[in-house]
Amino acid sequence: MNLLRRLFRRSRMNDEVREEMESHIAMRAELNEHSGMSAKEARVTARRQFGNAVAIRERIYERNGFGLLTSIVRDLQHAVRSLMRSKTLVAVAVLSLIIAIGANTAIFSLLNAILLRPLPIQDPYRLVSLSQSDATGRPTGLNEAMIRELGRQTAWFSAIFGRSGDRPVAVEYNNLVTAGNVYAVSSNFYSGLGIDPFLGRVLTADDDAPAGATPSRVAVLGYQYWQQHFSGDRNILGKTIRLDHVAFTIVGVTGKEYSGLEIGQTQQITILVGSLEQSVGEPDPRLNPAATPFNDVVARLASGISLQAVRAALSAEAPRLLAATIPPGSENRDLYRQQRLSLDSGAMGSSGILQMKFERPLRILMSVVALLLLIACVNLANLMLARALSKRRELGILAALGAGRAALVRHTLAETVVLAILGVTGGFALAHWLSPVLAQRAWVGVSPIDLNLSTDLRVLGFDAALTIFTISVVGITAAVYASRSDPAHALQSVKMPDARTARWSRMLLIAQIALSLVLIVMAGLFAQSLAKLRSRDFGFPVHEVLNVLVVPEPGPITPVDWASYSTQLESNLTRVPGVRTAALTGRTLMDGSFKVAVSSPQASLTTAADATIVTAKFFRALDLSTLEGRTFDDRDNHSVSNVAVISETLAHRLFPKGTSIGNLINAGAEPTHQGLRIIGVVSDALLHDTRQTDRSDVYLPASQQADSVWSMGCLIVRTSRDPSSVAAEVQKVVQSLDRQYVFVSQTTEERISRLLVVERMFALLGNSLSGVSLMLVAIGLFGLTAYNVSRRTSEIGVRVALGATRSTILWLFLGQTSKVLAVGLTVGIFSAILSGRFISTVVFGISPQDPVTIIGSTLVLIGVAILATYVPVRHAALLNPTVTLRHE
Amino acid sequence: MRKHPDTLQGTLDLLILKTLESAPNHGFGITLHIQNASDGALLVEEGSIYPALQRLEREGAIKGEWKVTENGRRARYYRLTTLGHKRLADAQESWAVLSRSVSKVLRYV
């Protein structure tokens, strides 16, 4: 504050000191006049007698101590004024900075939201997540007994609580039934996390009841869910909703920031564990010490103890804990004892799909985008250099007048700082708009995610770092150059740059070209990957299939005659206009590939394949042709041994010689999937993941394998027109049979898009960024050539006068840029080949060092270079020789 | 732009303070007085008095305020403060010591 006051006082003091000195000079002039000088002479002499008023004032300011701050302000003001004089140059520089910094910040925001920012709960870093897995690393979950045991370790944990996996239910409210996801939690879940409600209250221990009794049927809604499905109705508290026909009272809504234990996933409806199960005919899990009701077990560390200490204590005590919690009636007690307990930081929530899928790609993306920033900085440096060159005269005069080296450096640095500040501010604004757009566009097709993309200290810090980086790289180069300007040299009218400047400028341009080539090659690879993934031969008509997830109707579960139900459903659906065939399956298309081990006594090797339970109509629905034997029909029921149909690839791999029909295979570990007799081989199809390279599939008949109401959860509906147009009708037909209802329906294309999120993001960014970098290179080359041309305008005039044609002149200048271009391209090609290694995980169907892409990108750059060179040359060559010869 | 050696700065301070001992004055007046009293030998560059004036004022030895001269011109008049009187006494003492010491060295054979 004192400083501010001094600053304001300073400008007043400025004026006062100046007035005082002027007054002195005036009085001296008066005296001189009285001694006989003329008025004019008197004034001039008075000034001379006074001395260097400016220098004296400077001394006073310096001594007064606030010289530095105000001179910085003055430098900045001066910089702004001088930048205003070359508006186009500044506009281009700032624009390229804005785009580069904006892109960088946007990607970093995404990275921050997904990977860096902890859960919005109280003290996230004191949270740990507990997991238990068997000897092979497969997670088995902590059972009730284990949770109780760990709860007794008050030295380690102050609270331990859990959350189940999501469970689809029918949500009935105001006579409307929709599909929703319910999570069951322990009663100390909210208090353990430290979540306060936004409206009403959260679930507490008061709502709970001892095991065996039913806890209060109360529910808490998530904010987004409340907004979307209940219109954000503030009178929602106390109202009743029915979950799978069971009435629950809504007691609260959680806040906007808290979306769940997973980043990006909303916890739609939360109830207490045990409150729903008994009403739908399921046992209370709390009564069964072997039950594992929770997908996520989370604990809060006791105060004063570190995560490492607890982790060590846990591994030490693990044998005792495991021995004490062996599930009763368990077959292999030793196997249970060999399981492992582990502890990880829970600050980032449970490692959701989002984090696992996007961690590597986002990091790669950050490096790619950083490249662009480098290019923009190099561009800026070159521009500043050109500017310094043109202002050499001005700088030379300043130096001759006594400006110290520091002053010159400050002068040039001030301009860079102004540009950098403009660039970062604009970039920040751009990122603010860009990151939600990126998230939306890339995530099309997936269940909507709620990412907290707000700015926080990390993002701000990142931008500050970018600013400093830009200023350092650009500003210091230009400033150091400027301070070396020799006044004598500068004052000459010859506009020839010294060799060092020209060399610097060329080197910068080479760097720019090399970096741009790498960026363009990457963009080309990403775009081609995406295209290849989209246009693969799927082996079935992708554009004509609707995937419908169906869920059993709530209520007591009665045994179902699958044969008659599935036949009736499928034939009813076929009667819907637009539907050709429908088939029930155990899993939907494009849900990822989950291979199981496949072996056969008649085969010499073991391999892996995806196993799917399907009804007989499946093969016709997807137009899979029968290559050997037959597909399923009425003969495949429970009175004969279990059969299977396999894909062509699997057949060739297991039984390369001779037929597969009649051979037996074992698919996975399920007891009913052993010793399956192969009755047919069908054509290959890409059913599970676009990135799949292996089309090994085993198909099992529903008539033999469908055993529980949960096993047939998907309908494949083959349509004759746009699949989404029949969705409504399909839903009606399914519900009319009163056994299942539709949870969600998506076209196969939508599901494929969902799987290609990462690739789409890369392609999108790659295209835009390489476009920008091309633009920057064009500008750089244009500038260089324009400069060369203006330098040699008189020479051009002479040549033209002597009979040179336009193309001769063009070749002359092309020769100059071609050297820069050649070196730049060579460096770029090498860098592109080297960096290919790092992006190999996100590229598909094409080598990261694909020569065609590299050559193509090179040609694009050459084309741009020629164009950028041609324009200024053409202009000069067209000028009248007399004009050019007079040009100095 | 040379830094004045301390002795020179101290000497200028002494001259200014002495000038102001008798009566308050403005910068030009002080300059004239010093020039006349030294027969034109001292204060060739008139403006160099002002940094000293600023500093003395900042240190509290003199106090300045704006007044109007007889000719109707605005000028800043300085006067000695109590601290200034003390500074003057100290400075005169130092000067006496300095000049005696220098003379001694010069007389040394």
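Surface patches are made of residues with over 30% relative accessible area and no salt bridge, like charges being joined within 9 Å and nonpolar side chains (Val, Leu, Ile, Met, Phe, Trp, Tyr) within 5 Å. The model is predicted, so local features need pLDDT of at least 70 and side-chain atom pairs pLDDT 80 or more, whereas totals for chains, interfaces and linings use all residues. Residues are numbered from 1 along each chain as its sequence is written, chains are lettered from A in the order in which they are written, and side-chain values use heavy atoms, without hydrogens and water.

In chain B, a nonpolar surface patch consists of B:Trp95, B:Leu98, B:Val102 and B:Leu106, with about 400 Å² of accessible area together (Shrake-Rupley method, 1.4 Å probe, only the protein chains shown counting as cover for residues). B:Leu98 lies in helix H4 (residues 82-107) of chain B; helices are DSSP runs of H or I of at least four residues and strands runs of E of at least two, numbered from the N terminus.

The contact between the chains (heavy atoms within 4.5 Å) takes 22 residues from chain A and 25 from chain B. About 2300 Å² is buried between chain B and chain A, 52% of it on carbon and sulfur atoms; buried area is the accessible area (1.4 Å probe) that two parts lose on being put together, summed over both. On the side of chain B, B:Phe28, B:Tyr50 and B:Arg73 lose the most area to chain A, together 26% of what that side buries.

Four salt bridges are found across this interface (side-chain nitrogen of Lys or Arg within 4 Å of a carboxyl oxygen of Asp or Glu). A:Arg28 and B:Glu46 form a salt bridge, with the closest N and O atoms 2.4 Å apart.
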